[in-house]
Structure formats: structure tokens, C-alpha cells
Amino acid sequence: MKIGFIGLGNMGAPMAANLVRAGHEVTGFDPAGALPEGVAAAASAAEAARGADVVLTMLPNGAILRQVAAEVIPAMAKGAVLCDCSTVDVESARAVAQTAWEAGLGALDAPVSGGIGGAAAGTLTFMVGGAAQAFGKVGPLFEVMGQKAVHCGDSGAGQAAKICNNMILGATMIATCEAFVLADRLGLDRQKMFDVVSTSSGYSWSMNAYCPVPGIGPVSPADHDYKPGFAAELMLKDLRLSQQAAEAANAPTPMGELATRLYADFVEEQDGKGRDFSAILPHLAGKDRKV
Ligand code: NAD
């Protein structure tokens with residue numbers, strides 16, 4: 001396929017490289033410059049999009065997505081699909097899809113989980129919102145870049161799935177970390193705590209697959225001095241998106257709200273920026289109860 005790829009940062013660059021390796025013709029644009037090997041450089045987002053069967057975007061936020069979409073939609077050929085893989089707010093995803101349809105294009109919101117490692121290995125999970133026809137057309141690309149693509153529903157459903165998942169993840173990581181802090185103060189050995197919880201009803205991905213304690217469980221960022229991994233500021237971004245959506249949809253999410261406040265404090269008031277989101281463990285461990 002002929003692909004335009006816009007936004008070739010930490011995630012976009014390895015995703016585009018995998019598409020090139022699979023034999024697709026990829027033209028890329030990123031104002032920051034450097035493109036992965038085999039990706040043809042375009043002078044603008046519109047130039048990358050012109051004549052493409054599918055335009056993929058992997059951008060920092062909804063405002064930038066809206067700006068890029070306004071540029072590329074008029075340049076795209078009728079019947080082509082605009083597929084955004086960034087994590088953005090549900091309203092931006094829906095607004096961009098609406099503009100794309102009005103221009104005779106297909107549109108998908110297809111945020112990912114799996115991080116930079118998954119992007120490089122081609123093992124991302126795509127959560128996709130939009131029409132079945134567009135999903136079918138981009139399907140072969142999801143297969144190259146990922147191991148699984150779930151069609152979640154209409155426009156915005158992919159972003160909804162992503163923020164619900166990450167709201168659970170943020171709250172669960174904090175709950176797991178505070179349980180370790182309590183275990184420490186009760187004199188319970190951390191390995192014993194892991195052995196019990198990882199096979200009991202307190203188990204979770206945070207505990208079993210990504211244990212926040214160094215030297216326990218499978219290798220995780222905790223074993224590398226909490227180098228991300230999944231950076232705390234990205235978790236904060238996703239939690240804020242969840243709260244923005246909860247506000248708009250009038251959904252009560254008290255745990256999500258508290259998790260957002262705790263990550264905001266960690267990233268913006270303490271030393272959380274640039275650290276893995278599981279570093280909330282040493283952060284909590286250094287606190288007293290009355291904080
Ligand atoms: P990044 O900052 O490394 O990459 C974003 C890229 O977009 C940058 O290279 C930037 O130059 C480019 N960009 C900015 N404005 C642009 C414009 N107007 N036109 C074209 N390109 C522009 O971020 P990332 O880590 O690659 O994340 C991208 C998206 O994926 C984000 O929405 C993020 O939330 C999501 N995500 C990231 C991870 C992760 O682990 N990094 C995991 C899942 C989802």
C-alpha cells in the first residue's frame with residue numbers, strides 16, 4: 001500500500017520502519033526531522049498524504065491532531081483512510097472523523113498499547129473506532145505493526161477503550177504500590193507478598209507482569225532504576241483524558257480522579273517526570289501517612 005505517515009517520534013518511527021520492512025511504500029513527515037531508513041521524506045504533512053491509500057498519524061495530542069487533519073484531509077484522495085494512532089481526547093477523535101467523512105474519506109481512531117518496545121517489535125494492540133469498511137482496509141497494516149486489533153465500535157470507541165484501560169492501570173499501579181508500602185511497614189517480606197498476591201485475588205498486570213519492586217517478578221522498569229517503560233507523564237496524560245471524558249459523560253470515577261491527582265503531584269511537584277509510572281512505589285515509600 002501507499003502510506004503517508006505523519007509524526008515519526010518514539011512510537012511512529014518504529015511503526016513506520018515495520019511497514020517499510022513489510023514492503024509498503026511509506027512517505028513520512030515530522031517537523032523534528034530524522035526519518036527511519038526507507039521512509040521517503042515529504043516537505044509537509046499534506047505532501048505525505050497526497051496519493052496515499054492510508055494516512056497514519058502518531059502525534060502528541062488532540063490539538064495537534066486537529067491541526068494536522070485540517071492540513072491533510074484536503075490533500076487526500078477520495079476513498080482513502082485517515083487513521084490516527086495517537087492517544088487523544090474522544091471529542092477530537094470524533095471531530096476529525098466527521099471532517100474526514102464529509103470529504104469522502106474513511107476515518108479511524110486506533111490508539112495503541114504496548115509502548116515503544118511493542119512498536120519496535122510489531123506487537124502493539126490497536127483499539128479501533130470507526131466504520132467496518134475502513135477497519136477492513138487498514139487491517140493488513142495493523143497486522144504488520146501489531147499482534148491484535150480490536151474493532152471497538154464507532155468513531156471515538158478506540159480512544160474510549162484506551163482511556164478506560166489506562167484509568168484501570170493507573171489506579172491499579174497505585175493500589176499495588178501502596179500495598180507494598182504497607183507490607184514493608186508491617187514487616188512482610190516483599191518476595192512473600194508477591195508470591196501470595198500474584199496468585200491470589202489481588203493479582204493484576206501491575207503486580208504480575210510489571211512488578212514495581214526491583215528484583216521481584218519478571219524483569220520490569222523497577223529493575224532498571226525505573227527508567228521508562230511507560231513514563232509517569234504519559235500515564236498522567238491518559239488519566240487526564242479519562243477525567244476529561246468522565247466530566248463530559250457525567251460518569252463518576254472517584255478512583256480515576258484520585259489516581260490523576262497522585263500522578264499530577266508525582267510528575268509536576270516531585271521527581272516523577274522522566275521516570276517510569278511504577279516509580280510511584282519509592283515515591284509513596286518515602287512519605288508519611290498524613291500526606
Ligand atoms: P513523541 O513526542 O516521541 O512523537 C510525536 C511526534 O510528533 C514528534 O516526533 C513530533 O515532532 C511530531 N509532531 C509534532 N507536531 C507535529 C505536526 N504538526 N506534524 C507532524 N508531526 C508532528 O511521542 P510518542 O511517544 O511517539 O507518542 C505518540 C502518541 O502515542 C502520543 O499520543 C502518546 O500518548 C501515544 N502513546 C505513546 C506510548 C509510549 O510509550 N511512548 C504508548 C502508547 C501510546
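Guide: Tyr226 is placed in the loop between α9 and α10, where helices (H or I, at least four residues) and strands (E, at least two) are DSSP runs numbered from the N terminus. The model is a predicted one, in which local features need pLDDT of at least 70 and side-chain atom pairs count only at pLDDT 80 or more, while totals for chains, interfaces and linings use all residues. Residues are numbered from 1 along each chain as its sequence is written, and side-chain values use heavy atoms, with hydrogens and water left out.

Visitor: What is the phi of Tyr226?

Guide: Most residues other than glycine have a negative phi, and most peptide bonds are trans. Tyr226 has a positive phi of about 60 degrees, although it is not a glycine. Asp225, also not a glycine, has a positive phi near 55 degrees, and its place is in the loop between α9 and α10.

Visitor: Is Tyr226 buried or exposed?

Guide: Buried means under 20% relative accessible area, exposed over 50%, and partly exposed in between (1.4 Å probe, protein chains only). Tyr226 is buried because its relative accessible area is 7%, whereas Asp225 counts as exposed at 63% relative accessibility.

Visitor: Which residues does a cis peptide bond join?

Guide: Pro228 and Gly229 are joined by such a bond, with omega about 15 degrees. Gly229 is placed in the loop between α9 and α10.

Visitor: Which residues touch the most other members of the largest nonpolar core?

Guide: In soluble globular proteins, nonpolar side chains tend to be buried together. A nonpolar core is a set of buried Ala, Val, Leu, Ile, Met, Phe, Trp, Tyr and Cys residues joined through side-chain atoms within 4.5 Å. The largest core here has 33 residues, of which Tyr263, Phe277 and Ile280 touch the most other members. Two or more residues each come from α7 (157-185), α8 (190-197), α10 (232-249), α11 (254-269) and α12 (280-285). The largest share, eight residues, is given by α7.

Visitor: How many residues line the largest pocket?

Guide: On a 1 Å grid over the protein atoms alone, a pocket is an open set of points where a 1.4 Å probe fits, with protein on both sides within 12 Å along at least five of seven lines; lining residues have an atom within 4 Å of a point. The largest pocket is lined by 44 residues, and Met11, Gly115, Lys162, Phe230 and Leu234 lie nearest its centre. The element giving the most to this lining is α7, with six residues.
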